[in-house]
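Hi,

Here's the structure I promised to pass on.

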Amino acid sequence: MFSSIALRQARHLSTATAAAAAASSTSSSTISISKAKSKLKAEHDPDKALEIYSSVSDRYISPLSSRYAQEYAVKRLAKSHRFSDIENFLESHKNSPQITQEPFLSSIIRSYGVAGMFDHALKIYDQMDDLGTPRSAISFNVLLSACVHSKLYDRVAQLFDEMPVKYEFLPDKVSYGILIRSYCEMGSPEMAMERLKEMEEKGVEITTVTFTTILHSFYKKGKSDEADCVWNEMVKRGCGPDVGAYNVKIMNIQGGDPEGVKALIEEMSDAGLKPDTISYNYLMTCYCRNELMDEAQKVYEDLERTGCNPNAATFRTLIFYLCKKGRFETGYKVFKESVRVNKIPDFNTLKYLVEGLVKRSKLKDAKGMSRTVKKKFPPNLVKAWTKLEEELGLTKVEAGDNGVQ
DNA sequence: CTAGGGTTAG
């Protein structure tokens with residue numbers, strides 16, 4: 001196990017090192033960051049992802065997109081368990097003159113968090129003084145997020161009590177928000193409520209997001225009364241509810257009657273809020289679960305008119321339930337739309353669909369779908385899909401289906 | 001350019 005990873009790392013090290021070198025220099029400019037973004041999304045090979053990252057020309061013009069590209073490359077490497085390559089890649093950024101800028105250094109901490117390498121994140125945070133980077137809550141908040149990302153919830157509280165004293169800065173509303181999130185993740189909204197009091201005392205603003213975090217946690221524990229209290233407190237203070245808070249409320253009732261979901265969506269519209277894709281996904285899913293497929297399809301079809309775009313969850317859920325009800329032809333149409341907007345569902349959902357098409361003798365559609373899937377999936381899934389094709393007999397040339405028609 | 005809440009079948 002270990003040796004195979006080591007081998008793979010050795011084989012790829014040269015590319016990673018080259019990309020790392022390019023990342024710390026300003027040369028090799030060939031493509032724009034927006035183009036890199038769309039290329040990265042379709043690229044599953046971590047080495048190629050690194051190449052795309054290092055070929056970006058306007059990194060300094062668009063730091064936000066640059067951070068995105070960096071994170072993306074790291075995500076791909078992490079998926080391949082190439083942690084020493086991630087280290088080479090990210091550590092090389094320390095040679096950049098920009099390292100004295102806190103946001104630049106913070107993006108490295110963030111990337112380590114994304115890779116689940118919290119020890120590395122903490123190390124560079126502690127090195128800031130040596131690197132000449134000034135500290136504020138910015139880097140601290142990124143560090144706390146990295147901690148949450150690595151699911152080290154109890155360490156969040158520890159860092160929260162330790163770092164501001166050690167490095168002399170004040171935690172802000174965001175720091176508190178992350179702390180409260182980690183209490184909620186640990187199943188303790190009560191502890192979170194305690195910290196709200198502390199925020200009050202110190203005059204730190206309590207945001208809608210923070211309230212919503214606690215709201216969700218109480219619902220999750222089945223404590224609806226406490227959740228209602230949080231909701232009322234939020235309203236009383238005039239900070240919300242917003243669309244996100246409403247969506248948490250909808251989530252809590254979506255297992256029931258679709259009319260209840262519909263009513264809440266209307267309530268939010270009446271309150272001057274614009275329900276978003278997530279709100280409508282809840283409604284669509286609720287219809288699906290209640291076997292009201294025409295209504296579910298209508299929600300999907302109306303999405304554009306309401307100014308919302310279907311997302312990956314929309315496609316996945318709808319295609320799954322359409323298959324479940326035997327509506328494979330419609331499922332195929334929805335699939336084609338998901339391809340068009342580059343949000344195709346996962347392997348199992350698509351397996352369900354292609355099997356249904358074969359069962360209904362829609363071989364031409366099944367084959368067309370198969371070709372598309374193989375173009376969009378990463379190599380390991382293409383392999384599994386090819387096996388599925390063989391099992392379904394899609395590789396055979398049937399009479400009357402010789403490709404001429 | 002600091003963060004953060006809410007979605008996804010069986």
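Below is what turned up, sorted by type of contact.

Some ground rules before you dig in: this is a predicted model, so local features need pLDDT of at least 70 and side-chain atom pairs count only at pLDDT 80 or more, while totals for chains, interfaces and linings use all residues. Residues are numbered from 1 along each chain as its sequence is written, chains are lettered from A and ligands numbered from 1 in the order in which they are written, and side-chain values use heavy atoms, with hydrogens and water left out.

Aromatics to begin with. Rings of Phe, Tyr and Trp (its six-membered ring) pair if their centres lie within 6.5 Å; planes under 30 degrees apart are stacked, over 60 edge-to-face, and the rest tilted. Searching the whole structure gives 12 aromatic pairs. In one of them, tyrosine 125 and tyrosine 167 have ring centres 5.8 Å apart and planes at 80°, so they sit edge-to-face. Tyrosine 125 belongs to helix α7 (residues 118-126) and tyrosine 167 to helix α10 (residues 153-167), so the pair ties together parts that are 42 residues apart in sequence. Helices here are DSSP runs (H or I, at least four residues), numbered from the N terminus.

Phenylalanine 160 and tyrosine 176 make another edge-to-face pair, 4.9 Å centre to centre with 70° between the planes. Phenylalanine 160 is in helix α10 and tyrosine 176 in helix α11 (residues 173-185), so this contact ties together parts 16 residues apart in sequence. Phenylalanine 160 is buried at 5% relative accessible area, and so is tyrosine 176, at 2%. Ring pairs also link Phe140, Phe160, Phe169 and Tyr176 into a cluster.

Now the salt bridges. The rule is a side-chain nitrogen of Lys or Arg within 4 Å of a carboxyl oxygen of Asp or Glu, and the count comes to 25. Here are some of them:

- Lysine 94 meets glutamate 91 at 2.4 Å, N to O, and both residues are buried.
- Glutamate 190 meets lysine 223 at 2.9 Å, N to O. Glutamate 190 lies in helix α12 (residues 189-202) and lysine 223 in the loop between α13 (208-220) and α14 (224-236), so the bridge ties together parts 33 residues apart in sequence. Glutamate 190 is partly exposed at 35%, as is lysine 223 at 28%.
- Aspartate 302 meets arginine 305 at 3.1 Å, N to O. Aspartate 302 is buried at 19%, whereas arginine 305 is exposed at 68%.

Salt bridges with shared partners also join Asp161, Arg195, Glu198 and Lys202 into one network.

Histidine 81, in the loop between α4 (63-79) and α5 (83-91), is partly exposed at 42%. Histidine 81 and alanine 115 are 34 residues apart in sequence and 9.2 Å apart in space, C-alpha to C-alpha.

The other is aspartate 270, which is found in helix α16 (residues 258-270) and is exposed at 70% relative accessible area.

Cheers

Conventions: Helices (H or I, at least four residues) and strands (E, at least two) are DSSP runs, numbered from the N terminus. Buried means under 20% relative accessible area, exposed over 50%, partly exposed in between (1.4 Å probe, protein chains only).
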